[in-house]
Amino acid sequence: MDKMMIIRTIVLVVALINQSLVLAGFSPLPFDDTQVENGVTMVFTVVASLWAYWKDNDVTRKAREAKTKPKETE
């Protein structure tokens, strides 16, 4: 079996169980709205920071070598 297919199926089952509990009036996740908002904001900030760092800097060896090589003209 495909490893990613199993992971996707597990995530889907957990999401369905969570949604069912919410609809039944239970709060399965022990977080309030403020904590969720702070968590989402933190994840967004970290992802945006890493993306900006990766795009603006030549992180990989291949990228650094490509930058130092003179461009060939046809």
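A residue counts as exposed when its relative accessible area is over 50%. At 53% relative accessibility, Val 14 therefore falls in the exposed class of this predicted model, and Val 14 belongs to helix H1, which covers residues 3-23.

Val 14 also takes part in a nonpolar surface patch, formed together with Met 5, Ile 6 and Ile 10, whose accessible area amounts to about 340 Å² for the four residues together. As background to that arrangement, an α-helix has 3.6 residues a turn, so residues three or four places apart point the same way.

The length of H1 agrees with expectation, because its 21 residues at 1.5 Å a residue should span 30 Å, while the C-alpha atoms at its ends lie 31 Å apart. Just after H1, Gly 25 adopts a positive phi of about 100 degrees.

The protein chain as a whole contains three helices and zero strands, and its elements follow the order α-α-α from the N terminus on. Of its 74 residues, 0% count as buried, and the accessible surface comes to about 7400 Å², with 65% of that area belonging to carbon and sulfur atoms.

Confidence in the prediction averages a pLDDT of 83 over the protein chain, with 89% of the residues scoring at least 70.

| Element | Mean pLDDT |
|---|---|
| Helix H1, the highest | pLDDT 90 |
| Helix H3 (residues 61-68), the lowest | pLDDT 79 |

Key: Residues are numbered from 1 along each chain as its sequence is written. This is a predicted model: local features need pLDDT of at least 70, side-chain atom pairs count only at pLDDT 80 or more; totals for chains, interfaces and linings use all residues. Side-chain values use heavy atoms; hydrogens and water are left out. Patches are made of residues with over 30% relative accessible area and no salt bridge: like charges are joined within 9 Å, nonpolar side chains (Val, Leu, Ile, Met, Phe, Trp, Tyr) within 5 Å. Accessible areas come from the Shrake-Rupley method with a 1.4 Å probe; for residues, only the protein chains shown count as cover. A salt bridge is a side-chain nitrogen of Lys or Arg within 4 Å of a carboxyl oxygen of Asp or Glu. Helices (H or I, at least four residues) and strands (E, at least two) are DSSP runs, numbered from the N terminus. Buried means under 20% relative accessible area, exposed over 50%, partly exposed in between (1.4 Å probe, protein chains only). The expected span of a helix is 1.5 Å times one less than its number of residues. pLDDT is the predictor's confidence in each residue, from 0 to 100.
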